[in-house]
Amino acid sequence: MSGILSGKVALITGASSGIGAAAARVFAREGAAVVLAARRERELSDLVDELRGKGFEAAYSVTDVTRPADVDRAVSTAVHEYGRLDVGFNNAGLGMERSPMHLMDDTALDAVLDVNLRGVWHCMRRQITQMLAGGGGSIVNTSSVGGLVATPVAAPYVISKHAVVGITRAAAAEYAEHRIRVNAIAPGTTRSEMIEAWFALRPGMEEALHAMTPQGRTAGPEEVAEAAAWLASDRASFVTGVTLPVDGGYTLV
């Protein structure tokens with residue numbers, strides 16, 4: 001299968017919906033064998049069946065990224081099924097109900113950090129271990145425009161996504177000499193189950209966000225997945241430590 005990820009083996013977390021499911025389709029179309037990781041087995045199984053039905057190589061591992069043993073199993077699945085791991089797309093994430101900081105208790109911060117930061121930490125450490133043994137690789141983490149600019153009444157989310165930018169830069173500097181590139185994407189408003197539910201509860205919010213975005217629209221998840229695929233590929237061979245906004249110009253204004 002030709003494409004910019006031809007011959008690669010990629011592990012994608014948060015793959016049961018949204019950007020992760022779109023990435024599964026884009027990465028497979030671009031030639032990668034994909035291992036899909038998320039908590040919802042039915043959605044993973046259905047997506048693997050879809051991809052295999054199109055002639056792509058795909059497997060899955062039910063994974064809660066806050067559990068190191070689950071992450072170990074996902075990485076092991078890639079190695080067992082396809083012999084190695086070339087790409088990690090750490091996309092699993094957790095949103096939150098918006099509230100002023102002074103009205104939150106510590107559990108709000110803990111829950112978001114567990115998935116958005118510690119989940120990335122667990123995945124990166126195990127992916128890097130495998131990539132060191134395999135002679136290199138590429139990692140792409142999902143941050144957010146909330147990792148580049150502050151948004152109101154979402155402090156735990158903003159903290160977690162800024163931290164993803166930091167861990168990306170730290171690992172990029174540490175492992176460049178080992179032929180491991182580490183980058184991040186910072187999506188703006190992207191069509192997903194979570195965003196659709198959020199819009200439904202807040203009439204007028206979608207239009208307000210469009211007004212704040214120079215391109216004036218919400219992204220499709222496949223548009224974000226395409227950016228991740230490019231960063232993961234050898235086309236971006238001299239790019240590391242970058243957080244790429246995929247936001248229709250949101251962070252320009």
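**Exercise 1. The largest nonpolar core**

Task: In this predicted model, find which residues of the largest nonpolar core touch the most other members, and which element supplies the largest share of this core.

Solution.
- Step 1. The largest nonpolar core has 35 residues, and those touching the most other members are Ile 12, Phe 27, Val 34, Leu 36, Leu 51, Phe 89 and Ile 185.
- Step 2. At least two residues of this core come from each of strand E1 (9-13), H1, strand E2 (33-38), helix H2 (41-53), strand E4 (87-90) and H8.
- Step 3. H1 gives the largest share, eight residues.
- Step 4. Another core, of 23 residues, lies apart from this one and includes Tyr 82, Val 120, Ile 167 and Tyr 175.

**Exercise 2. The pair H1 and H8**

Task: Describe how the axes of H1 and H8 cross, and which residues meet.

Solution.
- Step 1. Helix H1 spans residues 18-29 and helix H8 residues 221-232; their axes come within 8 Å and cross at roughly 55°.
- Step 2. H1 is therefore oblique to H8.
- Step 3. The crossing of H1 and H8 is right-handed.
- Step 4. From H1, Gly 18, Ile 19, Ala 22, Ala 23, Val 26, Phe 27 and Arg 29 meet Pro 221, Glu 222, Val 224, Ala 225, Glu 226, Ala 228 and Ala 229 of H8.
- Step 5. Sorted by class, this contact of H1 with H8 has 10 nonpolar, one polar and three charged residues.

**Exercise 3. Gly 3**

Task: State where Gly 3 lies and how Gly 3 counts by relative accessibility.

Solution.
- Step 1. Gly 3 belongs to the segment before E1.
- Step 2. Its relative accessibility is 36%, so Gly 3 counts as partly exposed; the class runs between 20% and 50%.
- Step 3. From Gly 3 to Arg 40 the C-alpha to C-alpha distance is 29 Å, and the two are 37 residues apart in sequence.

Terms used:
Residues numbered from 1 in each chain as written. Predicted model: local features only at pLDDT ≥ 70, side-chain atom pairs only at ≥ 80, totals over all residues. Heavy atoms only, no water. Axes fitted to C-alpha atoms, helices over the stretch in contact; angles between N-to-C directions. Helix = DSSP H or I, 4+ residues; strand = E, 2+ residues; numbered from the N terminus. Parallel < 35°, antiparallel > 145°, perpendicular 65-115°, else oblique. Left-handed = near helix turned anticlockwise from the far one by under 90°. Contact = heavy atoms within 4.5 Å. Nonpolar A, V, L, I, M, F, W, Y, C, P; charged D, E, K, R; others polar. Core = buried A, V, L, I, M, F, W, Y, C linked by side-chain atoms within 4.5 Å. Buried < 20%, exposed > 50% of the residue type's maximum accessible area, 1.4 Å probe, protein only.
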